[in-house]
Amino acid sequence: MDGTAILPPAAALLLAPLLLGVINRTKAFFAGRRGRPLLQLYFDLFKLLRKGATYSRTTTWVFRAGPIVGLAAVLAALVLVPLGAVGAPLAFGGDLLVFAYLLCLMRFFTVLAALDTGSSFEGMGASREVLFAALAEPALFLGLAAVAHQSGSLSLSAMIAAIDPATWVSRGPALGLVATALGIVLLAENSRLPVDDPETHLELTMIHEVMVLDYGGPDLAFVLYGAALKLWVLAALLVGLIVPVRTGRPLLDAAAGLAGMLSAAVAIGAVESSRARLRLVRVPKLLVGAMALSALALVLVLR
Amino acid sequence: MSDGAVMEPILVVLLVTDFLLLGSSRFRTCIKLVSVQGVALGILPALLHGAENSVRAWLLAGGSIVLKGVVFPWLLLRILREAQVRREAQPFVGHSLSILLGVGVLIFSLWVGSTLVLPATAELDTSLLVSAGLATLLIGLFLTISRRTALSQVLGYIVVENGIYTFGVVLVGGVPALVELGVLMDAFVAVFIMSIAAYHISREFEHINVDQLDRLKG
């Protein structure tokens, strides 16, 4: 392992909240507003960390463990995800399964903690989160399987590093399908707009936000930071796929990866500004559609 | 550029529009998707066989693009406007389940495509072509039986026709132009007549739900 492998996780830890700032500024630009400061989430996190926490008497240790386990899981997932051609510190065959299930562990504890409060609203959010996650998982796995078969490796770092411009020329349609499917999974998993509206606090329509209503102080900071990191890791996968800059010089590759991440944030903001939120009954259709695209990509690669 | 490099994107467009058709409920969207599918398929034979038989291939391509990309959508959009039907197709099978079935059909077609041996496959890697054609054919049949309104059945018929056309591309070197033109003409007449029938059904019964057409109206 060389020193450059520390770049992807370090960049994620430092810049993940900035990604959300860029998304918000893009949305503000489309709406004709100036928007909140780019670094707003950093300010929020510092403010929340200095506060104390209040816990309801009906909750148990599960509720308190939720944000901590969630943040720990996504931090563990972070060391598996490369940034463009720059490999991750930890890479082994099959780490894409570990990656996917660490994100599942995070969600599992968020859901358990939401159920632990005994609030009916949080229960509703938990049920929706689990339903959509179950539908998004096949799309993610079939898409990753297609890329894995294409590159002949089951490790995320090797998989992403094997994609270069030549692969895009020879396998363009399949990679494009996988990128589309992963993009939909990215939006669904991070509760972005066509699936869930991160801005609203109307309980009837919320998914992720409603599950974390009862947190405050450092716990809320953990939840927010964890969500930002989750957005970063999934976006990093997508950027690794669609930005095939493989110069062989780590710093240059990392710069291309970072530029890709920022453009991904702008793209997410643009998608969120141009789409209305789907009705809840339509969301499964979108996710099943993503699964169909992944399946088609896998078929094209396997042939 | 090799045949495969030309063929794959077009077949992907074909299959993606199939899935979108299974998943979309608005007629207007469905009609546009079918026309996109028709145009993509129209280009296919001209690109594949362009070098050896250019004039005929391009004529066929032009004919099918004009027919499927312009005439059919125009006819169908006109009925949609004049028949005052509901804007959404009412399927018997839910959209998500339809898409899942579509994936099943795709896998089945792939298996058939890899086992089927066709006479003209020597110079062309056609296993994907055959699979995509078969999948489109089956998805078209499914669209025909799973939707409630007469207009969806016309759309399903066009998708079936597109599937058969994809099959035909494999053999286009061997089929006389007259037969090809005849098939296009048949499709045109069929869509034309079905459109008129759908219009008359809607005027007579104030709906075009075919599941209510099993009783005689006194």
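Start at the second largest pocket by selecting Leu20(A), His208(A), Glu209(A), Leu224(A) and Ala227(A), which lie nearest its centre among the 39 residues that line it. This is a predicted model, in which local features need pLDDT of at least 70 and side-chain atom pairs count only at pLDDT 80 or more, while totals for chains, interfaces and linings use all residues. Residues are numbered from 1 along each chain as its sequence is written, chains are lettered from A and ligands numbered from 1 in the order in which they are written, and side-chain values use heavy atoms, with hydrogens and water left out.

A pocket is found on a 1 Å grid over the protein atoms alone, as an open set of points with protein on both sides within 12 Å along at least five of seven lines; a cavity is a set of points where a 1.4 Å probe fits but cannot get out, and lining residues have an atom within 4 Å of a point. Grid points are joined across faces, edges and corners, and a volume is the space filled by probe spheres set on the points.

The second largest pocket has a volume of about 890 Å³. Colour helix 9 of chain A, which gives the largest share of this lining, nine residues. Helices here are DSSP runs (H or I, at least four residues), numbered from the N terminus. The lining divides into 19 nonpolar, eleven polar and nine charged residues. In this scheme Ala, Val, Leu, Ile, Met, Phe, Trp, Tyr, Cys and Pro count as nonpolar, Asp, Glu, Lys and Arg as charged, and the others, Gly among them, as polar.

Next, go to the largest pocket, with a volume of about 1,100 Å³. Select Ile184(A), Arg275(A), Leu278(A), Leu286(A) and Leu20(B), the closest to its centre of the 36 lining residues. Helices 7, 9 (218–242), 10 (250–274) and 11 of chain A, together with helix 1 (3–23) of chain B, each give two or more residues to this lining.

Now show both chains. 16 residues of chain A are in contact with 20 residues of chain B, contact meaning heavy atoms within 4.5 Å. The two chains bury about 1,500 Å² between them, 74% of it on carbon and sulfur atoms; buried area is the accessible area (1.4 Å probe) that two parts lose on being put together, summed over both. Helix 7 (165–189) and helix 11 (283–302) of chain A each supply at least two residues of the side that touches chain B, and helix 11 gives the most, with eleven. The count of salt bridges between the chains is zero.

For a salt bridge, select Lys27(A) and Glu272(A), whose closest N and O atoms are 2.8 Å apart. The term requires a side-chain nitrogen of Lys or Arg within 4 Å of a carboxyl oxygen of Asp or Glu. Lys27(A) lies in helix 1 of chain A and Glu272(A) in helix 10 of chain A, so the pair ties together parts 245 residues apart in sequence.

Finish at the largest cavity, with a volume of about 100 Å³. Its lining includes Arg107(A), Glu129(A), Phe132(A) and Ile207(A). Helix 5 of chain A gives the most to this lining, with four residues.
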